Amino acid sequence: MQLAVWTYEGPPHVGAMRVATAMEGMHYVLHAPQGDTYADLLFTMIERRAKRPPVTYTTFQARDLGKDTATLFQDAVREAVDRFKPQALMVGASCTAELIQDDPAGLAEAMDLPCPVIPLELPSYQRKENWGAAETFYQIVRKLVDKDLRPAPREGRQPLVNILGPTALGFRHRDDLVEVRKILDALGIAVNCVAPLGASPADIIRLGAADFNIVMYPEIGDEASRWLERTLNQPAVRIVPIGVSATREFIAAVATLAGVDPAPALADNASRMPWWSRSVDSTYLTGKRVFIFGDGTHAVAAARIASEELGFEVCGLGCYNREFARDVRAAAARYGVEALITDDHLAVEDAIAAATPELVLGTQMERHIAKRLGLPCAVISSPVHVQDFPARHSPQMGFEGANVIFDSWVHPLVMGLEEHLLTMFRDDFEFSDDAGASHLHRTLPKTADAAQPVEDHALVAAQDLDTPSTIQPAQGTAAWTTEAERELKKIPFFVRGKARRNTENFASASGRSEIDLATLYDAKAHYAR
C-alpha cells in the first residue's frame, strides 16, 4: 500500500456507496469509525445531488474499541431499518472497520430483519472503488433477481432491454443514459430496467423479463451481466457507444439482438464530427500528438476517436484500473505505443513529460499535470472535479456525445489561423511571450511587480517553460548559443518547450556540447523525417 496526496480510486466501500446512492429503496449500513463518514461530501458537494445518500454509519470511536463494537453495529442496523424502512439493506465495513473483524454480514443475517440483506465482503486493502461498485451490483443482482422469470413471447410486443452500469458519482452517467434511451426509442425498443441508477430492489427482481442487456459501463455492469447471461440466458451488448464509429456499431448490435431495423437510429445526422473531420478546416488537427489516460473503457474509446475520427497520433495510452489492463494493452499495441498501467500519478506525470504531447486527455489528475507542464487538456474520465458534473446536458455517448467530445477536445488547442496571427502579432502586448499562454489557463505576466503576491506557483512554472531566456540548461545538457536562443524564440510559445526538449535530446545523442543554429536546424530535420 502506498500513501499519496492524490488517488484515482477510493476504497471499495465508496463503490458500494455509489451503487446504494444510485438506487431507490436501498439502504447501506457501513461499519465505520469517525473519519470514514464522508459520503455526504462525495454526493452532495461533488455530484450536487439534491438529497443525502442512503448511508448509515456506526461511527464508533477509539474509546469504543474496548467495548462490544458488534452491538454498536446491530443497534445501527436496527435503527436504520426502523427509520428508513428500506426494501433491501446492504451491510459492510469500511477499510478501517475491516481490521476489527466484526463480520457485519453475519451479524445482520442473525437479526431476522424484515427485508432482504445483501452482505458485502469488500477487501479494502486488495481492491478499489470500481471493483467495489461492480461487486456490490453483482451481489444485489444475485441476491434479488427472480431466477424463474423469463421474457414473454415476442409476438405482438416491443423488444425489452435492461441497461446496466450507470451509478451515482459516475462521469456523465446521467447524460449518457439520456442518449442511449434516444437510440432505443428510435429503434422501437422498450426499457425494462435501468440499474443501478434509479432502480429499486423490486426492479432488480424483474431483470429476467428483458430480452437482453446493454452494458453501458463495463467497470460497473459487466460482472452482473455475465452472471445474468449464465443464469438467465440473457445475451448482452458490450459495445460502448463513445464516438461516432462505436455508436454506429452499438446501434447495429442492439438492432440485431432486438430483431429490428437499425436504419432509423443510424439515420441520425446530429453529430457534426464526421463532417468537420472531412473538411479543409480540420487539417490543423492532423497528426496532433495526444496522450490518453483514464479508466480502461474511456481511455480505449478516446484512443479510437483520436486516431480514427480526428486524425490525431496517439503517443501515450494508459489506465489506472488494473482489471482492464489487458484491453488497454491491446489498444496500445494497435497504436504502436506501450501501455501505461499504474495508479501512481507521479509515474503518469513523468510519462506525459517524456512524450511531449500537444494535447492531454485524462482525469482531474492529468488536468493538473498538464497545467504544470503548460499543455492543453480535456477531461475524459473519473476521477473528476465538480466542474465535470455540469448543470447542462453534456454526454459522452451517442451522436450528441460525439459533439461534446469534439468541442471539449478541440477547443483547448490553438487553431491554424491562431498560429498565424500569434506569429504575426508577436510584438503586440496581448500576444507577446510575456503575456503567457492565455488559451491554456490564467497566467501572470513575467513583468509583474515582484512584491505582488503569486497565487499559483505551478502556473508561473508552466509559463516560464515557454521562454528560452528564463530556462537554465539542466546538468549535462548542451548550452545554447545566443543566436540559437533567438531563433528558438521565433517558434510559437505553445510548441517551443517541445522544440527545446527535442533539440537538447538530439544534441545529447549526437555528442554535441553546444547548441548553435546548425544543431537547431539539424534537430528539426531529424525529427521531421
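Which residue stands opposite Asn213 in β8? The residue is Ala236. This briefing covers a predicted model. The protein chain has 21 helices and 15 strands. Of its 529 residues, 53% count as buried.

**Whole chain**

- The protein chain exposes about 24,300 Å². Carbon and sulfur atoms supply 52% of that area.
- Take the contacts between residues at least 6 apart in sequence: 70% of them join residues at least 24 apart.

**The four-strand sheet**

- Four strands form an open sheet in the order β6-β5-β7-β8. The pairing is parallel.
- β6 (190–195) and β8 (236–237) are the edge strands, and each pairs on one side only.
- Strand β7 (residues 212–215) pairs with β8 over 2 bridges, in the parallel sense. Asn213 and Ala236 face each other across this pair of strands.

**The five-strand sheet**

- A second open sheet holds 5 strands, ordered β11-β10-β9-β12-β13, with parallel pairing.
- β11 (339–341) and β13 (377–379) stand at the edges. Each has a single partner strand, so one side of each lacks a neighbour in the sheet.
- On average, neighbouring strands here are turned by 15° against each other, direction ignored.
- Helix α15 (residues 364–373) packs on this sheet and touches β9, β12 and β13. The direction of α15 makes about 170° with that of β13.
- Sheet strands pair through backbone hydrogen bonds, either parallel or antiparallel.

**Strand β9**

- β9 (residues 289–294) pairs with strand β12 (residues 359–362) in the parallel sense, over 3 bridges. Ile292 stands opposite Leu361 in β12.
- β9 also pairs with strand β10 (residues 313–319), again in the parallel sense, over 6 bridges. Gly316 in β10 is the bridge partner of Phe291.
- Is β9 enclosed or open, and why? 6 of its 6 residues are buried, so β9 is largely enclosed by the rest of the structure.
- In a regular strand, side chains alternate between the two faces of the sheet.
- Both faces of β9 are covered. Arg289, Phe291 and Phe293 are buried on one side. Val290, Ile292 and Gly294 are buried on the other.

**Helix α5**

- Helix α5 (residues 129–144) has 16 residues. At 1.5 Å a residue, the helix should span 22 Å. Its end C-alpha atoms are 22 Å apart, which agrees.
- 13 of the 16 residues of α5 are buried, so the helix is largely enclosed by the rest of the structure.

**Two buried helix residues**

- Thr21 sits in helix α1 (residues 12–22). Thr21 counts as buried because its relative accessibility is 4%, and the cut-off is under 20%.
- A polar atom of the Thr21 side chain lies 2.7 Å from the backbone oxygen of Met17.
- Beyond neighbours within four places in sequence, Thr21 is in contact with Phe43, Arg49, Pro53, Pro54 and Ala168.
- Ala523 belongs to helix α21 (residues 517–528). Its relative accessibility is 2%, so Ala523 counts as buried.
- Not counting residues up to four places away in sequence, Ala523 touches Thr503 and Phe506. Ala523 and Phe506 are 17 residues apart along the chain, and their C-alpha atoms are separated by 5.9 Å.

**Backbone exceptions**

- Most residues other than glycine have a negative phi, and most peptide bonds are trans.
- A cis peptide bond joins Ala195 and Pro196, with omega about 0°. Pro196 lies in the loop between β6 and α7 (201–205).
- Another cis peptide bond joins Ser382 and Pro383, also with omega about 0°. Pro383 is in the loop between β13 and α16 (398–410).
- Arg48 is not a glycine, but has a positive phi near 60°. The residue sits in the loop between α2 (39–46) and β2 (55–57). At 48% relative accessibility, Arg48 counts as partly exposed.
- Arg172 has a positive phi of about 60°, and is not a glycine either. The loop between β5 (160–164) and α6 (173–187) holds Arg172. Arg172 is buried, with a relative accessible area of 10%.

Notes:
Residues numbered from 1 in each chain as written. Predicted model: local features only at pLDDT ≥ 70, side-chain atom pairs only at ≥ 80, totals over all residues. Heavy atoms only, no water. Buried < 20%, exposed > 50% of the residue type's maximum accessible area, 1.4 Å probe, protein only. Contact = heavy atoms within 4.5 Å. Polar contact = N/O pair within 3.5 Å; in protein donor to acceptor, adjacent residues only side chain to side chain. Pairing = 2+ DSSP bridges. Axes fitted to C-alpha atoms, helices over the stretch in contact; angles between N-to-C directions. Areas by Shrake-Rupley, 256 points an atom, 1.4 Å probe, with all protein chains shown as cover. Expected span 1.5 Å × (residues − 1).
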